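Please keep the structure open while reading.

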Amino acid sequence: MTTPHRLLARAEAQVHQNLFTMTTRAGEALEQALEALKTQNAELAQEIVNQDLQQNHLMRIIERECLHILATLEPKAGDLREVVASLQIASELERIADHAKDIANIVLGMDPSDFSGPMDRIAAMGDLCQNMLVQVMESYENLDATLAEHVASHDRQVDELDEEASASLMMTLMTSADTSMHCTHLLWIAYHLERIGDRVTNIAERVVFMVTAESPDLG
C-alpha cells in the first residue's frame, strides 16, 4: 500500500527532476547566448529564441505539480516550505531563460563586424552568472543555506562589472554617434546579465528560507 508520505516523496522528486531540467536549459541558453554574442552567430541566437517555449511549458508543468501537492497531499512544515520555494525557483529559472533569450534577440540585431566596447567585462559577467547558477542549484539539492548565501555574495561582483561596462559605454555614447546601435545593444546585454545575477540571488534566498524558515535579504 502506498502511504501518503511516499506519495509526497514521489511528487517532490518529480518536481526536483523538472527543476533541474529547467536549470540545465537555462544554463545552456545563457551559455549559448554568450557564445552567439562572442561569435556573432545569428543562427545560434535564433535557436535560443526558438527553444524558449520549452522552458515556459516546463514551468507550467511544475506549477501544476506543486499545486497538486498543496491541494491533495497536505505537506507540513519543511515539506510545505520546499514546495513553495520550488514553485518560486521555477519562476526565477524561467525568467533567467527569458533574459538569455533577450540577449539572443539583441545579437540578432547587432552589426557582426563590430566587436568594440567592454566585451571583457560583459564576458566576465556571463561567466559569473553561469557559475552562480550551478552553485545555487547545488545548494538547493543539498539543502545548503551556507552555500546559497555564498553564491548570493557574488552578485556584488556582477553589479560592479555592470557598472564598469555601463560607464564605459555611456562615455562612448557621449563622445561619438552610435550609428549602428552597438553601444546601446551592449548596454542592454549588460542589463540582462545583471538581472540574471539578481534572479540567482532570489533563488539563493528561497533556498535559505526552505532550510531555515527565515526570509533573508541577500541582495
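The model is predicted.

## Nonpolar core

The largest nonpolar core has 68 residues, and within this core Leu 93, Ile 189 and Leu 193 touch the most other members. The elements that contribute two or more residues are H1, H2, helix H3 (77-108), H4, helix H5 (145-153), helix H6 (155-175) and H7. Helix H7 provides the largest share, 13 residues. As general background, nonpolar side chains in soluble globular proteins tend to be buried together.

The surroundings of Leu 193 can be listed residue by residue. When neighbours within four places in sequence are left aside, Leu 193 is in contact with Leu 30, Leu 34, Ile 103, Ile 122, Met 125, Gly 126, Cys 129 and Val 158.

## Aromatic pairs

In one of them, the ring centres of Phe 20 and Tyr 140 are 5.9 Å apart and the planes stand at 50°, so the pair is classed as tilted. Phe 20 belongs to helix H1 (residues 4-39) and Tyr 140 to helix H4 (residues 119-142); the pair therefore ties together parts that are 120 residues apart in sequence. The two partners can also be described by their accessibility: Phe 20 is partly exposed at 26% relative accessibility, whereas Tyr 140 is buried at 3%.

Trp 188 and Tyr 191 form an edge-to-face aromatic pair, with 5.4 Å from centre to centre and 85° between the planes. Both residues lie in helix H7 (residues 182-212), where they are three residues apart, about one turn of the helix. Trp 188 is partly exposed, with a relative accessible area of 49%, and Tyr 191 is partly exposed at 36% relative accessibility.

The salt bridges in the model come to six. In general, side chains of opposite charge can pair when their charged atoms come close.

One of the six bridges joins the side chains of Lys 101 and Asp 52, with an N to O distance of 3.5 Å. This pair links distant parts of the chain, since Lys 101 is in helix H3 and Asp 52 in helix H2, 49 residues apart. Is Asp 52 buried or exposed? At 7% relative accessibility, Asp 52 counts as buried, because the limit for that class is under 20%. Asp 52 is placed in helix H2 (residues 42-73). Apart from neighbours within four places in sequence, the contacts of Asp 52 are Ala 97, Asp 98 and Lys 101.

## Further salt bridges

Arg 195 and Asp 198 form a salt bridge whose closest N and O atoms are 2.7 Å apart. These two residues are three residues apart in helix H7, so about one helical turn separates them. Arg 195 is partly exposed at 22% relative accessibility, while Asp 198 is buried with a relative accessible area of 18%.

Salt bridges with shared partners also join Asp 120, Arg 121 and Glu 164 into one network. Within this network, the side chains of Asp 120 and Arg 121 meet at 3.8 Å, N to O. Asp 120 is exposed at 54% relative accessibility, and Arg 121 is partly exposed at 29%.

## Surface positions

Leu 67, Leu 70 and Leu 80 make a nonpolar surface patch of about 240 Å². One of these residues, Leu 70, has its place in helix H2 and is partly exposed, with a relative accessible area of 33%.

Thr 146 is found in helix H5. At 60% relative accessibility, Thr 146 counts as exposed. Which distance separates the C-alpha atoms of Thr 146 and Val 207? The separation is 9.7 Å, although Thr 146 and Val 207 are 61 residues apart along the chain.

Conventions
Residues are numbered from 1 along each chain as its sequence is written. This is a predicted model: local features need pLDDT of at least 70, side-chain atom pairs count only at pLDDT 80 or more; totals for chains, interfaces and linings use all residues. Side-chain values use heavy atoms; hydrogens and water are left out. Rings of Phe, Tyr and Trp (its six-membered ring) pair if their centres lie within 6.5 Å; planes under 30 degrees apart count as stacked, over 60 as edge-to-face and the rest as tilted. Helices (H or I, at least four residues) and strands (E, at least two) are DSSP runs, numbered from the N terminus. Buried means under 20% relative accessible area, exposed over 50%, partly exposed in between (1.4 Å probe, protein chains only). Contact means heavy atoms within 4.5 Å. Patches are made of residues with over 30% relative accessible area and no salt bridge: like charges are joined within 9 Å, nonpolar side chains (Val, Leu, Ile, Met, Phe, Trp, Tyr) within 5 Å. Accessible areas come from the Shrake-Rupley method with a 1.4 Å probe; for residues, only the protein chains shown count as cover. A salt bridge is a side-chain nitrogen of Lys or Arg within 4 Å of a carboxyl oxygen of Asp or Glu. A nonpolar core is a set of buried Ala, Val, Leu, Ile, Met, Phe, Trp, Tyr and Cys residues joined through side-chain atoms within 4.5 Å.
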